[in-house]
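Thanks for coming. I have one structure to go through today, so please look at the screen.

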Amino acid sequence: MRRIQRSLAALLPLRTVFVSAAYGVDRSYILAEETELLPEISLGDVLVQELPVEVPAGALVVFNDSDMLSGILPDEELSYDLGIMVVEVLLGVIRSGVFPMERETSALYTMAASYFSMIGGSGFMHLGLVPSQFRAGLAAGLCAYWTGTRSARCDTSRLFLEPDFLSCPHLLGYLRNLDGNFVVPDNVPAGLMQFPGGRCDYDAWLADIRQAVTAKLDSQIMPTRRASA
């Protein structure tokens, strides 16, 4: 669990609470503390009442399969799991409504592209993360979401098999057919999803993401409009 905590802290500037689950969780499941389970009753409220844990406001809650935490995870397996976790968090960003519906596919692609590049940094290597396996985890999470399958294991599209899957012409064509508003951003920087200021709460992080991703997409669209004109 400590390895997962350190690695996830390097990837996400959020306070994080980890809960071990004996059943009902396939590897991991992530929700924001403020998620309402019932009207005016948040996940954080329930955890504080039912478990002897402290849940800071604005934190992420990571439910891990107890089997996943019971032994030593090889670097490759840990890296793959972290890739899937990051996609879960990014899907939470999309579902929060910070981007208009017509930009959701482009925003998710842009955020994923930033993490795809970010994981190649030396700091993540020093944590023992394997870039190729983290990217495979990204591919698995995005595959399940964009193709509508229950999991990547059920997918038969073959759109996510290439090591550089985000640049695959077949995937880009599929996303354009899926969403007529989809825009492929050029040269998404690794630092797009890294923000100054250290740890922050979930809402502040969403605001940072909205500003950074919107600016990137706007910079992509304006030259296209000028060229069309």
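First, the conditions. This is a predicted model, in which local features need pLDDT of at least 70 and side-chain atom pairs count only at pLDDT 80 or more, while totals for chains, interfaces and linings use all residues. Residues are numbered from 1 along each chain as its sequence is written, and side-chain values use heavy atoms, with hydrogens and water left out.

Now the chain. It has nine helices and five strands. Both are DSSP runs numbered from the N terminus: helices are H or I with at least four residues, strands are E with at least two. Read from the N terminus, the order is α-β-β-β-β-α-β-α-α-α-α-α-α-α. The chain has 229 residues, of which 46% count as buried. Buried means under 20% relative accessible area, exposed means over 50%, and partly exposed is in between, with a 1.4 Å probe and protein chains only. A contact means heavy atoms within 4.5 Å. Of the contacts between residues at least 6 apart in sequence, 73% join residues at least 24 apart.

Next, helix packing. Two packed helices are described by the angle between their axes and the distance between the axes. The axes are lines fitted to C-alpha atoms, for helices over the stretch in contact, and angles run from 0 to 180 degrees between N-to-C directions.

How do helix 4 and helix 5 cross? Their axes come within 10 Å and cross at roughly 150 degrees, and the two helices are therefore roughly antiparallel. For that word the angle must be over 145 degrees; under 35 is roughly parallel, 65 to 115 roughly perpendicular, and the rest oblique. On the helix 4 side the contact includes Val 86 and Leu 90, and on the helix 5 side Leu 108 and Tyr 115. By class, this contact has 10 nonpolar, no polar and one charged residues. Nonpolar covers Ala, Val, Leu, Ile, Met, Phe, Trp, Tyr, Cys and Pro; charged covers Asp, Glu, Lys and Arg; the others, Gly among them, are polar.

Helix 5 also packs on helix 7, residues 131-147, with axes within 10 Å and a crossing of roughly 170 degrees. That makes helix 5 roughly antiparallel to helix 7. Among the residues that meet are Tyr 115 and Phe 116 in helix 5, and Phe 134 and Trp 146 in helix 7. This contact has 10 nonpolar, two polar and one charged residues.

Now single residues. Leu 11 lies in helix 1 and is buried, with a relative accessible area of 3%. Beyond its sequence neighbours within four places, Leu 11 is in contact with residues including Val 86, Tyr 115 and Phe 134. Leu 11 and Phe 124 are 113 residues apart in sequence, yet 8.8 Å apart in space, C-alpha to C-alpha.

A polar atom of its side chain lies 2.7 Å from the backbone nitrogen of Val 130. Ser 79 also touches Gln 133 and Phe 134, among others.

Last, a loop residue. Glu 40 lies between strand 3 and strand 4. Glu 40 has a positive phi of about 65 degrees although it is not a glycine, and at 73% relative accessibility it counts as exposed.

Technical notes. Polar contact = N/O pair within 3.5 Å; in protein donor to acceptor, adjacent residues only side chain to side chain.
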